[in-house]
Amino acid sequence: ATAMNVRDLPTHQAAVANWLARKYKVAPEPVAALVAEAHVLSRSSKLPAHLILAVMAIESSFHPYVQSQAGAQGLMQVMTDIHAQKYEKYGGKLAAFDPLTNMRVGTRVLQEYIKLKGGVEEGLLFYLGGDMVQSDTGYVAKVLAEQAKLDQVAAGQKVSTQP
């Protein structure tokens, strides 16, 4: 199961998991597993864990079964048809709805886009919609603002869960 006891996390990760659970009205145990996985993926991808979590927050509000009209699926709203090959080692495209698999593929896609575009902001904009996106619709600012809040929560600061 994609869940773990929040008490099993380091203090700063537990604070983030509890804050996200309150803000997005989801159970803390699955969020705890996602926070732990974000830290594992952070080490392998060299992306900040809170950036990965912020993308999930903005893309899906931590609801793993969301699908957009364009066909983006799961926690990180990966365009499954475009990235089908990345899902093959996890059993195929239906793995897009497995939270941890979606995180792994979404993080890989984000990492590739940041490298391709030469920066976090440019990579996030490309993640939003590839070459179809001509201007920032506020998405990049939302993701970066959420990342900043997660950084504050992890540092022990009180941060409102209100928008």
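Predicted model: local features only at pLDDT ≥ 70, side-chain atom pairs only at ≥ 80, totals over all residues.
1. Start with the largest pocket. Its volume is about 370 Å³. It is lined by 16 residues, and the closest to its centre are Met79, Tyr127, Leu128, Gly129 and Gly130.

2. **Where the lining comes from.** Three elements each supply at least two lining residues: β2 (78–79), α5 (99–117) and α6 (120–129). The largest share comes from α6, with four residues.

3. **What the lining is made of.** Sort the lining by class. Ten residues are nonpolar, five are polar and one is charged.

4. **Aromatic pairs.** Now turn to the rings. A pair of aromatic rings is described by the distance of the centres and the angle of the planes. The whole structure holds three aromatic pairs. In one of them, Tyr24 and Phe62 have ring centres 5.5 Å apart. Their planes meet at 50°, so this pair counts as tilted. Tyr24 sits in helix α1 (residues 11–24), while Phe62 sits in the loop between α3 (49–60) and β1 (72–73).

5. **Buried or exposed?** Tyr24 has a relative accessible area of 13%, so it is buried, because the cut-off is under 20%. Phe62 is at 5% and counts as buried too.

6. **A second pair.** The ring centres of Tyr113 and Tyr127 lie 6.4 Å apart. Their planes are at 65°, so the pair is edge-to-face. Tyr113 belongs to helix α5 and Tyr127 to helix α6, 14 residues apart. Both tyrosines are buried. Together with Phe126, Tyr113 and Tyr127 form one aromatic cluster.

Key:
Residues numbered from 1 in each chain as written. Heavy atoms only, no water. 1 Å grid on protein atoms, 1.4 Å probe; cavity = no way out; pocket = protein on both sides within 12 Å on 5 of 7 lines; lining within 4 Å. Points joined across faces, edges and corners; volume = space filled by probe spheres on them. Nonpolar A, V, L, I, M, F, W, Y, C, P; charged D, E, K, R; others polar. Phe/Tyr/Trp six-rings, centres within 6.5 Å; stacked < 30°, edge-to-face > 60°. Buried < 20%, exposed > 50% of the residue type's maximum accessible area, 1.4 Å probe, protein only.
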